[in-house]
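Here is a short note for a colleague who is opening this structure for the first time. The points below are numbered and can be read in order.

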Amino acid sequence: MRAIHATEAGGPEVLSVVDVPAPGAGPGQLLVRLAAAGVNFRDTYERSGVYPMSFPHVPGAEGAGTVTAVGEGVTDFAVGDRVAWADARASYAEEVAVPAAVALPVPDGLDLETAAALPLQGMTAHYLVASTFPLGPGQTALLTAAAGGVGLLLTQMATARGARVIGLVGSREKEVLAREAGAAEVVRYTELDDLTAELPAIVREMTGGAGVDVAYDGVGRTTFDASLASLRRRGMLVLFGGASGQVPPFDLQRLNAAGSAFVTRPKLADYTAEREELLWRAREVFDAAVSGRLTVRVGERFPLAEARRAHEALEGRATTGKVLLVP
């Protein structure tokens, strides 16, 4: 079968197409014929060496497809079932061995490409607004990268809960997408000379001087200081990604100066560690997509063999919504 190899830690150029033996369905596993794989910043962190990995390896952890074989001990799935996943190694391949413990049943009415676009970013948006900082009516959230994959989903979920979203985007096109998703106000950071000084002033003007209840920041290094300075007294900064680079260590006394602020660095695995919670989040996200309450934007589709181009587009912030690889 064809798969993608990351040959060593580095940029997108280290990705290449290889022919490798197809995996089997080991004990507790499903063998799945891939319909689409999700491309995420996590994959770029592992490829570049930000997250420790052995090399060479097949990148990717998210996707959807059809079960072709069932391993020993698996009782909840059968050949022919449609499944998706957010955490199965080596997903940039035509066949993927998926642990049954992380496999998500895909409901009728949801196509497999949409199902592949939802697990990681959809469940991330879900835990952010439902669990990390549960949003409700009358609250205001600042969201960086509001037209990205997580951003468009989170904006819809937040507004559905009655919250107000102030989105940060990089272009007029992305502003349109953020507003269509429900953002009440949108700021284009490319028009600011000093993001750290100017964004908090704009946010406070939009909130009557108070600041936002929560800042959901998936960009990291370049937006962290501005997000922190945009909080209301006792507000929370939720740093859920580092698209611009990792935030360096900082003095906790800054939280005091920011108004007894909170900061947290969550990850999806800690909000889906129990099978029951994993299935609950997936059901809520999938059901919302099937019903039309949640619109899923697939911004770019690349052939599997062009994984390098997909990584270049993602890291270059040239994409909106979800990026997929298709066999």
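1. At roughly what angle do the axes of helix α4 and helix α5 cross? The axes of α4 (residues 149-160) and α5 (residues 172-181) cross at roughly 30° and come within 8 Å. Axes are lines fitted to C-alpha atoms, for helices over the stretch in contact, with angles running from 0 to 180 degrees between N-to-C directions. The two helices α4 and α5 are therefore roughly parallel to each other; angles under 35 degrees count as roughly parallel, over 145 as roughly antiparallel, 65 to 115 as roughly perpendicular, and the rest as oblique.

2. On the basis of the note: this is a predicted model, in which local features need pLDDT of at least 70 and side-chain atom pairs count only at pLDDT 80 or more, while totals for chains, interfaces and linings use all residues. Residues are numbered from 1 along each chain as its sequence is written, and side-chain values use heavy atoms, with hydrogens and water left out. Helices (H or I, at least four residues) and strands (E, at least two) are DSSP runs numbered from the N terminus.

3. L152, T155, Q156 and T159 of α4 make the contact with L177, A178 and A181 of α5, where contact means heavy atoms within 4.5 Å. The contact residues are 4 nonpolar, 3 polar and no charged. In this scheme Ala, Val, Leu, Ile, Met, Phe, Trp, Tyr, Cys and Pro count as nonpolar, Asp, Glu, Lys and Arg as charged, and the others, Gly among them, as polar.

4. α4 also packs with α3: their axes come within 9 Å and cross at roughly 45°. That angle makes α3 oblique to α4. The crossing of α3 over α4 is right-handed. On the α3 side the contact includes Q121, H126 and V129, and on the α4 side it includes G149, L153 and M157. By class, this contact has 8 nonpolar, 5 polar and no charged residues.

5. Which helix gives the most to the lining of the largest cavity? α4 does, with 3 residues. The volume of the largest cavity is about 50 Å³, and its lining includes A117, Q121, G149, L152, L153 and R297. On a 1 Å grid over the protein atoms alone, a cavity is a set of points where a 1.4 Å probe fits but cannot get out, a pocket is an open set with protein on both sides within 12 Å along at least five of seven lines, and lining residues have an atom within 4 Å of a point. Points are joined across faces, edges and corners, and a volume is the space filled by probe spheres set on them.

6. The second largest pocket has a volume of about 260 Å³. α3 (119-132), α4 and α9 (275-291) each supply at least two residues of its lining. Among the lining residues are H126, Q156, M157, E284 and R293. The lining divides into 7 nonpolar, 2 polar and 3 charged residues.

7. Elsewhere, α1 (residues 41-48) and α10 (residues 307-315) pack at about 110° with axes 10 Å apart. That makes α1 roughly perpendicular to α10.

8. Two backbone details remain. The peptide bond from F55 to P56 is cis, with omega near -5°, and P56 is in the loop between α1 and β4 (62-70). R234, in strand β12 (residues 231-239), has a positive phi near 60° although R234 is not glycine.

Definitions and conventions. A crossing is left-handed if the near helix is turned anticlockwise from the far one by less than a right angle, and right-handed if clockwise.
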